[in-house]
Amino acid sequence: MEKELEKLRLSALTKIQHTLDSDSLNDVFLGLLGKSGQFTRLVKKLKDQPTSEKPNLGKLVNKVKNEIELALERQKNIIAGKKLEEWLDVTAPGIKPPQGHLHIVTQAIEEITRIYERIGFTRVRYPEIDWEWYAFESLNMPRSHPARDDFETFFIDGPTSPTLGRMVLTPHTSNGQVREMERLHHKPPIRMINITKCYRPNWDVSHVPMFHQFEGLVVDKGINITHLKGTMDYFAREFFGKDRKTRLRPFHFQFTEPSFEVDINCGICLGKGKLEDETTCRFCKDGWLELGGSGMVHPNVLKAGKIDPNIYTGFAFGWGVERTYMMKSGTKLDDIRLLYSNDIRFLEQF
Ligand code: PHE
(Lines give C-alpha, C1' and ligand atoms only; values in the text may rest on other atoms or scores of the structure.)
Protein backbone atom coordinates (compact mmCIF):
# COMPACT_ATOMS: atom_id res chain seq x y z
CA MET A 1 0.00 0.00 0.00
CA GLU A 2 2.93 2.30 0.76
CA LYS A 3 4.17 1.95 -2.82
CA GLU A 4 0.71 2.61 -4.22
CA LEU A 5 0.41 5.73 -2.10
CA GLU A 6 3.74 7.03 -3.36
CA LYS A 7 2.78 6.32 -6.94
CA LEU A 8 -0.51 8.08 -6.53
CA ARG A 9 1.18 11.01 -4.81
CA LEU A 10 3.58 11.49 -7.72
CA SER A 11 0.99 11.12 -10.43
CA ALA A 12 -1.49 13.38 -8.58
CA LEU A 13 1.04 16.16 -8.07
CA THR A 14 2.16 15.98 -11.69
CA LYS A 15 -1.42 16.04 -12.93
CA ILE A 16 -2.30 19.01 -10.73
CA GLN A 17 0.70 21.01 -11.85
CA HIS A 18 -0.21 20.46 -15.47
CA THR A 19 -3.85 21.48 -15.12
CA LEU A 20 -4.37 24.99 -16.40
CA ASP A 21 -8.07 25.83 -16.08
CA SER A 22 -10.45 25.68 -13.18
CA ASP A 23 -12.98 23.26 -14.71
CA SER A 24 -10.29 20.70 -15.37
CA LEU A 25 -8.86 21.29 -11.91
CA ASN A 26 -12.25 20.51 -10.46
CA ASP A 27 -12.30 17.26 -12.43
CA VAL A 28 -8.84 16.41 -11.11
CA PHE A 29 -10.06 17.14 -7.59
CA LEU A 30 -13.06 14.82 -8.00
CA GLY A 31 -10.94 12.15 -9.66
CA LEU A 32 -8.67 12.13 -6.61
CA LEU A 33 -10.61 13.10 -3.54
CA GLY A 34 -14.23 12.72 -4.69
CA LYS A 35 -16.44 9.91 -3.43
CA SER A 36 -15.01 7.33 -5.80
CA GLY A 37 -11.77 9.22 -6.46
CA GLN A 38 -8.46 7.37 -6.73
CA PHE A 39 -7.23 8.54 -3.35
CA THR A 40 -10.51 7.85 -1.60
CA ARG A 41 -10.54 4.33 -2.98
CA LEU A 42 -6.98 3.70 -1.88
CA VAL A 43 -7.71 4.91 1.64
CA LYS A 44 -10.52 2.38 1.89
CA LYS A 45 -7.91 -0.35 1.66
CA LEU A 46 -6.39 0.83 4.93
CA LYS A 47 -8.73 -1.29 7.02
CA ASP A 48 -7.48 -4.49 5.36
CA GLN A 49 -3.85 -3.83 6.21
CA PRO A 50 -2.05 -5.69 9.04
CA THR A 51 -2.78 -4.02 12.40
CA SER A 52 0.90 -3.44 13.09
CA GLU A 53 1.27 -1.34 9.94
CA LYS A 54 -1.88 0.69 10.34
CA PRO A 55 -0.47 3.55 12.49
CA ASN A 56 2.33 4.27 10.02
CA LEU A 57 0.15 3.91 6.97
CA GLY A 58 -2.41 6.18 8.56
CA LYS A 59 0.18 8.89 9.04
CA LEU A 60 1.34 8.50 5.47
CA VAL A 61 -2.22 8.73 4.16
CA ASN A 62 -2.69 12.02 6.00
CA LYS A 63 0.59 13.38 4.72
CA VAL A 64 -0.22 12.56 1.13
CA LYS A 65 -3.72 13.98 1.48
CA ASN A 66 -2.32 17.23 2.85
CA GLU A 67 0.15 17.46 0.04
CA ILE A 68 -2.52 16.89 -2.59
CA GLU A 69 -4.83 19.46 -1.00
CA LEU A 70 -2.04 21.97 -0.83
CA ALA A 71 -1.11 21.43 -4.42
CA LEU A 72 -4.75 21.83 -5.47
CA GLU A 73 -5.01 25.07 -3.53
CA ARG A 74 -1.80 26.34 -5.02
CA GLN A 75 -2.85 25.50 -8.54
CA LYS A 76 -6.21 27.17 -7.97
CA ASN A 77 -4.40 30.37 -7.05
CA ILE A 78 -2.11 30.10 -10.03
CA ILE A 79 -5.09 29.64 -12.39
CA ALA A 80 -6.88 32.56 -10.75
CA GLY A 81 -3.81 34.64 -11.56
CA LYS A 82 -3.24 35.71 -7.98
CA LYS A 83 0.04 37.32 -7.22
CA LEU A 84 2.61 35.07 -5.63
CA GLU A 85 2.85 37.04 -2.41
CA GLU A 86 -0.95 36.82 -1.94
CA TRP A 87 -1.03 33.06 -1.65
CA LEU A 88 2.46 31.64 -1.24
CA ASP A 89 3.06 30.26 2.20
CA VAL A 90 6.82 30.08 2.50
CA THR A 91 6.54 27.83 5.52
CA ALA A 92 4.55 25.15 3.65
CA PRO A 93 6.46 21.99 2.72
CA GLY A 94 7.77 21.88 -0.85
CA ILE A 95 6.62 19.52 -3.54
CA LYS A 96 9.19 17.01 -4.69
CA PRO A 97 8.85 16.55 -8.44
CA PRO A 98 8.75 12.99 -9.72
CA GLN A 99 12.20 11.69 -10.46
CA GLY A 100 13.03 9.68 -13.55
CA HIS A 101 16.00 7.46 -14.29
CA LEU A 102 18.12 6.47 -17.23
CA HIS A 103 16.66 4.04 -19.75
CA ILE A 104 17.76 0.45 -19.13
CA VAL A 105 19.71 0.33 -22.37
CA THR A 106 21.63 3.46 -21.32
CA GLN A 107 22.30 1.85 -17.94
CA ALA A 108 23.63 -1.26 -19.70
CA ILE A 109 25.87 0.81 -22.01
CA GLU A 110 27.37 2.62 -19.03
CA GLU A 111 28.05 -0.61 -17.18
CA ILE A 112 29.65 -2.27 -20.22
CA THR A 113 31.79 0.82 -20.80
CA ARG A 114 33.05 0.85 -17.18
CA ILE A 115 33.96 -2.88 -17.34
CA TYR A 116 36.10 -2.45 -20.45
CA GLU A 117 37.59 0.84 -19.28
CA ARG A 118 38.96 -0.96 -16.24
CA ILE A 119 41.17 -3.06 -18.52
CA GLY A 120 42.36 -0.15 -20.63
CA PHE A 121 39.80 0.08 -23.42
CA THR A 122 38.78 3.51 -24.71
CA ARG A 123 35.09 4.15 -25.38
CA VAL A 124 34.47 5.61 -28.81
CA ARG A 125 31.47 6.14 -31.05
CA TYR A 126 31.52 6.02 -34.80
CA PRO A 127 28.89 7.24 -37.27
CA GLU A 128 25.53 5.55 -37.47
CA ILE A 129 25.34 6.72 -41.06
CA ASP A 130 28.47 5.52 -42.76
CA TRP A 131 29.96 4.66 -46.11
CA GLU A 132 29.70 1.16 -47.51
CA TRP A 133 33.47 1.05 -47.45
CA TYR A 134 33.65 1.21 -43.64
CA ALA A 135 30.62 -1.03 -43.12
CA PHE A 136 31.64 -3.69 -45.66
CA GLU A 137 34.58 -3.34 -48.08
CA SER A 138 37.18 -2.49 -45.45
CA LEU A 139 35.95 -5.57 -43.57
CA ASN A 140 36.89 -7.95 -46.35
CA MET A 141 33.41 -7.96 -47.88
CA PRO A 142 33.71 -6.84 -51.50
CA ARG A 143 30.66 -5.39 -53.22
CA SER A 144 29.12 -8.57 -54.60
CA HIS A 145 30.15 -10.84 -51.74
CA PRO A 146 27.26 -13.06 -50.52
CA ALA A 147 28.28 -12.51 -46.87
CA ARG A 148 26.76 -9.05 -47.21
CA ASP A 149 23.37 -10.70 -47.20
CA ASP A 150 23.94 -11.58 -43.54
CA PHE A 151 23.81 -7.88 -42.83
CA GLU A 152 20.51 -6.75 -44.31
CA THR A 153 20.96 -3.03 -44.68
CA PHE A 154 19.09 0.27 -44.96
CA PHE A 155 20.60 2.34 -47.76
CA ILE A 156 20.47 6.14 -47.70
CA ASP A 157 19.05 7.90 -50.70
CA GLY A 158 22.01 10.25 -51.11
CA PRO A 159 25.18 10.95 -53.01
CA THR A 160 27.52 8.06 -53.83
CA SER A 161 31.25 8.36 -53.40
CA PRO A 162 33.40 6.92 -56.18
CA THR A 163 35.79 5.47 -53.60
CA LEU A 164 33.60 4.85 -50.53
CA GLY A 165 30.38 3.70 -52.21
CA ARG A 166 26.85 4.36 -51.00
CA MET A 167 25.77 5.63 -47.59
CA VAL A 168 24.12 3.15 -45.22
CA LEU A 169 22.64 3.07 -41.76
CA THR A 170 25.39 0.95 -40.29
CA PRO A 171 24.12 -2.60 -39.68
CA HIS A 172 26.84 -3.35 -37.10
CA THR A 173 29.48 -1.56 -35.02
CA SER A 174 32.28 -3.19 -37.02
CA ASN A 175 32.34 -0.06 -39.20
CA GLY A 176 34.36 1.38 -36.29
CA GLN A 177 37.27 -1.02 -36.76
CA VAL A 178 39.09 0.65 -39.62
CA ARG A 179 37.91 4.09 -38.45
CA GLU A 180 39.71 3.46 -35.14
CA MET A 181 42.88 2.38 -36.97
CA GLU A 182 42.69 5.69 -38.84
CA ARG A 183 42.02 7.72 -35.70
CA LEU A 184 45.20 6.33 -34.16
CA HIS A 185 47.17 7.06 -37.36
CA HIS A 186 47.57 3.33 -38.08
CA LYS A 187 49.74 2.92 -34.97
CA PRO A 188 48.80 0.16 -32.49
CA PRO A 189 48.29 -0.51 -29.60
CA ILE A 190 44.53 -0.27 -30.10
CA ARG A 191 42.01 -1.06 -27.38
CA MET A 192 38.67 0.21 -28.55
CA ILE A 193 35.15 -0.27 -27.26
CA ASN A 194 32.69 1.20 -29.76
CA ILE A 195 29.07 1.32 -28.59
CA THR A 196 26.53 2.78 -30.98
CA LYS A 197 23.15 2.34 -32.56
CA CYS A 198 22.87 -0.12 -35.44
CA TYR A 199 20.07 -0.65 -37.93
CA ARG A 200 18.67 -3.65 -39.78
CA PRO A 201 15.30 -3.92 -41.48
CA ASN A 202 13.78 -6.48 -39.08
CA TRP A 203 10.72 -5.95 -36.93
CA ASP A 204 9.34 -8.79 -34.85
CA VAL A 205 9.23 -10.02 -31.25
CA SER A 206 12.98 -10.54 -31.10
CA HIS A 207 14.16 -7.75 -33.45
CA VAL A 208 13.88 -3.99 -33.57
CA PRO A 209 15.15 -2.05 -36.62
CA MET A 210 17.27 0.15 -34.33
CA PHE A 211 19.36 -1.59 -31.69
CA HIS A 212 22.77 -1.22 -30.04
CA GLN A 213 26.00 -3.15 -30.31
CA PHE A 214 29.28 -2.98 -28.45
CA GLU A 215 32.35 -3.73 -30.47
CA GLY A 216 35.77 -4.45 -29.04
CA LEU A 217 38.95 -4.21 -31.06
CA VAL A 218 42.44 -4.96 -29.78
CA VAL A 219 45.49 -4.73 -32.04
CA ASP A 220 49.08 -5.03 -30.90
CA LYS A 221 52.18 -7.18 -31.33
CA GLY A 222 51.68 -10.79 -30.24
CA ILE A 223 47.91 -10.72 -29.67
CA ASN A 224 46.46 -14.23 -29.89
CA ILE A 225 43.33 -16.23 -29.12
CA THR A 226 44.17 -16.55 -25.41
CA HIS A 227 43.82 -12.77 -25.11
CA LEU A 228 40.40 -12.98 -26.73
CA LYS A 229 39.32 -15.82 -24.46
CA GLY A 230 40.68 -14.09 -21.33
CA THR A 231 38.86 -10.87 -22.21
CA MET A 232 35.59 -12.73 -22.81
CA ASP A 233 35.88 -14.57 -19.47
CA TYR A 234 36.73 -11.31 -17.69
CA PHE A 235 33.60 -9.69 -19.11
CA ALA A 236 31.45 -12.71 -18.24
CA ARG A 237 32.60 -12.57 -14.60
CA GLU A 238 32.27 -8.81 -14.26
CA PHE A 239 28.94 -8.41 -16.01
CA PHE A 240 27.17 -11.66 -15.20
CA GLY A 241 28.79 -12.84 -11.97
CA LYS A 242 31.81 -14.70 -10.67
CA ASP A 243 30.62 -18.22 -11.53
CA ARG A 244 30.25 -17.41 -15.20
CA LYS A 245 32.65 -18.28 -18.01
CA THR A 246 32.61 -18.42 -21.79
CA ARG A 247 33.39 -20.89 -24.52
CA LEU A 248 34.35 -20.16 -28.11
CA ARG A 249 32.50 -22.08 -30.81
CA PRO A 250 33.81 -22.06 -34.42
CA PHE A 251 31.84 -19.79 -36.72
CA HIS A 252 32.35 -17.66 -39.81
CA PHE A 253 32.71 -13.93 -40.34
CA GLN A 254 34.46 -12.34 -43.31
CA PHE A 255 36.41 -9.93 -41.12
CA THR A 256 37.83 -12.40 -38.63
CA GLU A 257 39.85 -15.56 -39.10
CA PRO A 258 39.37 -17.78 -37.22
CA SER A 259 35.88 -16.68 -36.13
CA PHE A 260 33.90 -17.74 -33.09
CA GLU A 261 30.51 -17.48 -31.57
CA VAL A 262 30.92 -16.72 -27.85
CA ASP A 263 28.68 -18.73 -25.50
CA ILE A 264 28.27 -18.21 -21.77
CA ASN A 265 27.51 -20.94 -19.26
CA CYS A 266 23.91 -20.78 -18.10
CA GLY A 267 23.39 -18.87 -14.86
CA ILE A 268 20.78 -21.35 -13.64
CA CYS A 269 22.47 -24.73 -14.18
CA LEU A 270 26.02 -23.29 -14.49
CA GLY A 271 26.78 -25.18 -17.69
CA LYS A 272 25.54 -28.61 -16.64
CA GLY A 273 22.35 -28.54 -18.71
CA LYS A 274 20.63 -30.30 -15.82
CA LEU A 275 19.16 -29.08 -12.58
CA GLU A 276 19.90 -30.61 -9.17
CA ASP A 277 16.97 -32.99 -9.45
CA GLU A 278 18.44 -34.24 -12.78
CA THR A 279 15.70 -32.61 -14.88
CA THR A 280 16.73 -30.75 -18.03
CA CYS A 281 17.43 -27.03 -17.53
CA ARG A 282 14.81 -25.00 -19.39
CA PHE A 283 16.85 -21.82 -19.52
CA CYS A 284 19.61 -22.88 -21.91
CA LYS A 285 20.71 -25.30 -24.58
CA ASP A 286 22.83 -28.00 -22.91
CA GLY A 287 24.17 -25.56 -20.35
CA TRP A 288 25.21 -22.75 -22.71
CA LEU A 289 23.71 -19.56 -24.10
CA GLU A 290 24.82 -17.69 -27.20
CA LEU A 291 26.19 -14.18 -26.65
CA GLY A 292 27.64 -12.90 -29.94
CA GLY A 293 30.40 -12.91 -32.54
CA SER A 294 34.16 -12.63 -32.21
CA GLY A 295 37.42 -13.65 -33.82
CA MET A 296 40.99 -12.78 -34.76
CA VAL A 297 41.15 -9.73 -37.02
CA HIS A 298 41.51 -10.78 -40.66
CA PRO A 299 44.83 -9.63 -42.25
CA ASN A 300 42.86 -7.85 -44.99
CA VAL A 301 41.14 -5.69 -42.37
CA LEU A 302 44.49 -4.68 -40.88
CA LYS A 303 45.69 -3.89 -44.40
CA ALA A 304 42.60 -1.75 -45.02
CA GLY A 305 43.57 0.18 -41.88
CA LYS A 306 47.19 0.46 -43.15
CA ILE A 307 48.56 -1.74 -40.38
CA ASP A 308 51.11 -4.42 -41.30
CA PRO A 309 49.61 -7.87 -40.54
CA ASN A 310 53.13 -9.35 -40.47
CA ILE A 311 53.93 -7.28 -37.39
CA TYR A 312 50.56 -6.86 -35.70
CA THR A 313 47.64 -9.14 -34.86
CA GLY A 314 44.36 -8.50 -33.10
CA PHE A 315 40.99 -9.71 -31.96
CA ALA A 316 37.51 -8.26 -32.24
CA PHE A 317 34.06 -8.97 -30.92
CA GLY A 318 30.63 -7.47 -31.50
CA TRP A 319 27.56 -8.18 -29.39
CA GLY A 320 24.06 -6.77 -29.02
CA VAL A 321 23.58 -4.58 -25.95
CA GLU A 322 19.87 -5.36 -25.58
CA ARG A 323 20.40 -9.10 -25.86
CA THR A 324 23.33 -9.15 -23.44
CA TYR A 325 21.44 -7.09 -20.88
CA MET A 326 18.32 -9.23 -21.12
CA MET A 327 20.40 -12.32 -20.48
CA LYS A 328 21.87 -10.79 -17.36
CA SER A 329 18.70 -9.59 -15.75
CA GLY A 330 16.96 -12.87 -16.46
CA THR A 331 14.16 -10.66 -17.74
CA LYS A 332 12.14 -12.81 -20.07
CA LEU A 333 10.74 -10.32 -22.55
CA ASP A 334 8.13 -11.81 -24.81
CA ASP A 335 8.60 -8.86 -27.12
CA ILE A 336 11.88 -6.91 -27.33
CA ARG A 337 10.01 -4.00 -28.96
CA LEU A 338 8.71 -3.11 -25.48
CA LEU A 339 12.14 -1.59 -24.80
CA TYR A 340 11.43 1.18 -27.26
CA SER A 341 7.69 1.61 -26.92
CA ASN A 342 8.18 4.28 -24.23
CA ASP A 343 5.53 2.78 -21.99
CA ILE A 344 6.33 4.27 -18.62
CA ARG A 345 4.72 1.35 -16.76
CA PHE A 346 7.28 -0.97 -18.33
CA LEU A 347 10.30 1.33 -17.98
CA GLU A 348 9.62 2.21 -14.35
CA GLN A 349 10.43 -1.34 -13.31
CA PHE A 350 14.15 -1.03 -13.99
N1 PHE B 1 29.71 -7.58 -36.73
C2 PHE B 1 29.29 -8.90 -36.36
C3 PHE B 1 27.75 -8.95 -36.32
O4 PHE B 1 27.12 -7.92 -36.28
C5 PHE B 1 29.84 -9.33 -35.01
C6 PHE B 1 31.35 -9.44 -34.97
C7 PHE B 1 32.13 -8.34 -34.61
C8 PHE B 1 31.98 -10.63 -35.24
C9 PHE B 1 33.51 -8.45 -34.54
C10 PHE B 1 33.35 -10.74 -35.18
C11 PHE B 1 34.10 -9.66 -34.82
O12 PHE B 1 27.16 -10.01 -36.31
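Where is Tyr340 found? In the loop between helix H11 (321-329) and helix H12 (344-347). Now look back along the chain to Met326. Tyr340 and Met326 are 14 residues apart in sequence. Their C-alpha atoms are separated by 14 Å.

One caution before I go on. This is a predicted model.

Let's start with the layout. The chain is divided into two domains. Domain 1 runs over 2-79. Domain 2 comes in two pieces, 104-127 and 168-347. How far apart do the C-alpha centres of domain 1 and domain 2 lie? The answer is 47 Å.

Next, salt bridges. The count comes to 21. I will pick out three of them, and one network.

Take Asp130 first. Its place is strand E2, residues 129-131. Is Asp130 buried or exposed? Buried, because its relative accessibility is 1%. Its salt-bridge partner is Arg179, at 2.7 Å from N to O. Arg179 lies in helix H8, residues 176-183, and Asp130 in strand E2, so this pair ties together parts that are 49 residues apart in sequence. Arg179 is buried too, like Asp130. There is one further distance to note at this site. Asp130 and Asn175 are 45 residues apart along the chain. Their C-alpha atoms are separated by 7.7 Å.

Glu132 counts as buried, because its relative accessibility is 0%. Arg148 is buried as well, with a relative accessible area of 10%.

Glu132 and Arg148 also belong to a network of salt bridges.

Arg337 counts as partly exposed, at 23% relative accessibility.

Now the surface. Two patches are worth a look.

Which residues form it? Lys35, Arg41, Lys44 and Lys47. Lys35 is found in the loop between helix H2 (22-33) and helix H3 (38-44). With 80% relative accessibility, Lys35 counts as exposed.

Leu84, Leu88 and Val90 form it, with about 300 Å² of accessible area together. Val90 has its place in the loop between helix H5 (84-87) and helix H6 (104-117). Val90 is exposed, because its relative accessible area is 71%, and exposed means over 50%.

On to the backbone. Two cis peptide bonds first.

One runs from Pro188 to Pro189, with omega near 5 degrees. Pro189 is found in the loop between H8 and strand E5 (190-199). The other runs from Glu257 to Pro258. What is omega near there? It is near -5 degrees. Pro258 lies in strand E8, residues 256-265.

Leu270 has phi near 55 degrees, a positive value in a residue other than glycine. Asp286 has a positive phi of about 55 degrees, and it is not a glycine either. Where is Leu270 found? In the loop between E8 and strand E9 (288-297). Asp286 also has its place in the loop between E8 and E9. As for accessibility, Leu270 is partly exposed, with a relative accessible area of 38%. Asp286 counts as exposed, at 69% relative accessibility.

To recap the items to open in the viewer. Start with the buried pair Asp130 and Arg179. Then check the cis bond from Pro188 to Pro189 and the one from Glu257 to Pro258. Finish with the positive phi of Leu270 and of Asp286. That's it from me.

How values were computed:
Residues are numbered from 1 along each chain as its sequence is written. This is a predicted model: local features need pLDDT of at least 70, side-chain atom pairs count only at pLDDT 80 or more; totals for chains, interfaces and linings use all residues. Side-chain values use heavy atoms; hydrogens and water are left out. Patches are made of residues with over 30% relative accessible area and no salt bridge: like charges are joined within 9 Å, nonpolar side chains (Val, Leu, Ile, Met, Phe, Trp, Tyr) within 5 Å. Accessible areas come from the Shrake-Rupley method with a 1.4 Å probe; for residues, only the protein chains shown count as cover. A salt bridge is a side-chain nitrogen of Lys or Arg within 4 Å of a carboxyl oxygen of Asp or Glu. Lys and Arg count as positive and Asp and Glu as negative; His and the chain ends are not counted. The place of a charge is taken as NZ of Lys, CZ of Arg, CG of Asp or CD of Glu. Helices (H or I, at least four residues) and strands (E, at least two) are DSSP runs, numbered from the N terminus. Buried means under 20% relative accessible area, exposed over 50%, partly exposed in between (1.4 Å probe, protein chains only). Domain bounds come from an automatic or database domain assignment.
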